[in-house]
Amino acid sequence: MAAMISLGVAACAADAGDEGPGSLSDATEIEDIEGANEDADDDVVADSAFDVDPDVQMSALAKSPDNDAVTPAATQDQLIKTFAPHLHLHADDPYRPSSVDWYLARVTMRYNHKNCPDHEIYPVGKVTQQKLVAATHEDNGSFCRHDGGKKVAATTHEGFFLEIVNEATRKGSPRSDWKSYAVWRPQASGLVNIEYWIFYPYNDGFSIFNHESDWEHVRVTIDPKANGGQGKATEVKLSAHKGGTIVKANDPKLSWDGTHPVAYVAKGTHANYLAPGTYAIEGTHGIAKDTTKAAAAAAVWKTENAVVNIGTRAKPKNGQVFVKFWGRWGEINDIPETNGITRRFP
């Protein structure tokens, strides 16, 4: 996911949040509050279509959608694997993906008090998915003291954030740990949007506009009843800056590896494109560019081998309760464009 920043330079996905030792006590009274593929350079050209992430502006109090009651769970899992993307990560990109669990084990969890020092909720080595979403913290009262009598929860407040404490964590995990997190979204039309979310611990953007954490995705729209229940893809979206690229499944610019759409991942920013090449990032007047490169056959990441259906905030699946977290996945910095990002799940 990606958002345009104030200086006209594209940064990766986000919403916003700083850094200190705090106490975590059981909540007695918790206040619930919410705290297009660009024109390609060179000879690579792709259609562009602006697409708003449906969860970016979601309220923490919004009702989580019901799980699909029509398509059996086993069929969902089968179709999720059938259409999982094949990703060409740039061979020269030092910042690779990781699983959520690998990342949580290597970060601290903190709370951002505005105009006051941050407080540590959990030290490194103590953050787990369960603790991530169970955390509460007392918000400021007077003079940065915890005397306001108001607790907030990590499932409804974006003041909570994660901070990398070791530079090596930014480079991601061993390939054997990588995960793709699938969101199954039934549409009123009978079609289904399957979103394949990939987590990267670090986004290496243009100039100083870098930030910890990066969520990117490929969305495949399918007709689950077509081909005798084997499914058929109708459309594919590749996340990038300011929305990404949306193409019909039969668009000649989109490559397929059997039933798997192929995407080329930009070095550093992890934006997804239809082909190898150099792409001007919209809004930067040609200053900032993304580069993608075809990977060797053995290096192509076939995400169906490491995909997990994560369900919804109301009903997480396969133990993936991190979907309830409302905070930031990286540290908070001096300017919003360098903050760790949020990722709202349905």
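These are my notebook entries on one predicted protein model.

**Ground rules**

I am working from a predicted model, where local features need pLDDT of at least 70, side-chain atom pairs count only at pLDDT 80 or more, and totals for chains, interfaces and linings use all residues. Residues are numbered from 1 along each chain as its sequence is written, and side-chain values use heavy atoms, with hydrogens and water left out.

**Entry 1: overall**

I looked up the secondary structure first. The protein chain has four helices and 21 strands. These are DSSP runs numbered from the N terminus: helices are H or I with at least four residues, strands are E with at least two. Next I checked burial. Of the 346 residues, 55% count as buried. Buried means under 20% relative accessible area, exposed over 50%, and partly exposed in between, with a 1.4 Å probe and protein chains only. The chain exposes about 14300 Å², and carbon and sulfur atoms supply 50% of that area. The areas come from the Shrake-Rupley method with a 1.4 Å probe; for residues, only the protein chains shown count as cover.

**Entry 2: aromatic rings**

I searched the whole structure for aromatic pairs and got 16. Rings of Phe, Tyr and Trp (its six-membered ring) pair if their centres lie within 6.5 Å; planes under 30 degrees apart are stacked, over 60 edge-to-face, and the rest tilted. I picked out tyrosine 95 and tyrosine 202, a tilted pair with 4.9 Å centre to centre and 50 degrees between the planes. Tyrosine 95 lies in the loop between β4 (86-89) and α2 (100-104), and tyrosine 202 in strand β11 (residues 192-203), so the pair ties together parts that are 107 residues apart in sequence. Both tyrosine 95 and tyrosine 202 are buried.

I also noted one aromatic cluster, with Trp197, Phe345, Trp215 and Trp329 among its members. Arginine 343 has its charged end over two rings. One is tryptophan 197, at 3.9 Å from the ring centre. The other is phenylalanine 345, at 5.2 Å from the ring centre. The test is NZ of Lys or CZ of Arg within 6 Å of the ring centre and within 35 degrees of the ring normal.

**Entry 3: nonpolar cores**

A nonpolar core is a set of buried Ala, Val, Leu, Ile, Met, Phe, Trp, Tyr and Cys residues joined through side-chain atoms within 4.5 Å. The largest one holds 32 residues; Met109, Leu132, Phe160, Leu162, Trp215, Phe322 and Trp329 touch the most other members. Elements that each supply at least two residues include α2, α3 (129-134) and β9 (160-164). Which element gives the most to this core? I find α2, with four residues. A second, separate core of 28 residues includes Ala84, Ala233, Val236 and Leu274.

**Entry 4: aspartate 68**

I found aspartate 68 in the loop between β3 (30-31) and α1 (73-82). Is aspartate 68 buried or exposed? Aspartate 68 is buried, at 18% relative accessible area. Beyond its neighbours within four places in sequence, aspartate 68 is in contact (heavy atoms within 4.5 Å) with Gln76, Trp184 and Pro186. The side chains of aspartate 68 and tryptophan 184 make a polar contact at 2.8 Å. That term means a pair of N or O atoms within 3.5 Å; within protein, one must be able to donate a hydrogen and the other to accept it, and residues adjacent in sequence count only if both atoms are side-chain atoms. A polar atom of the aspartate 68 side chain also lies 2.7 Å from the backbone nitrogen of valine 70.

**Entry 5: asparagine 309**

Asparagine 309 is in strand β21 (residues 307-309). Asparagine 309 is buried, with a relative accessible area of 6%. The C-alpha atoms of asparagine 309 and tyrosine 181 are 6.2 Å apart, though 128 residues separate them along the chain. The asparagine 309 side chain reaches the backbone nitrogen of glycine 311 at 3.2 Å.

**Entry 6: histidine 157**

Histidine 157 sits in the loop between β8 (151-153) and β9. At 9% relative accessibility, histidine 157 counts as buried. The histidine 157 side chain reaches the backbone nitrogen of glycine 159 at 2.9 Å.

**Entry 7: positive phi**

Most residues other than glycine have a negative phi. I noted asparagine 115, with phi near 65 degrees. Asparagine 115 is in the loop between β5 and β6 and is exposed at 79%. Asparagine 318 has phi near 55 degrees. Asparagine 318 lies in the segment after β21 and counts as exposed at 55%.
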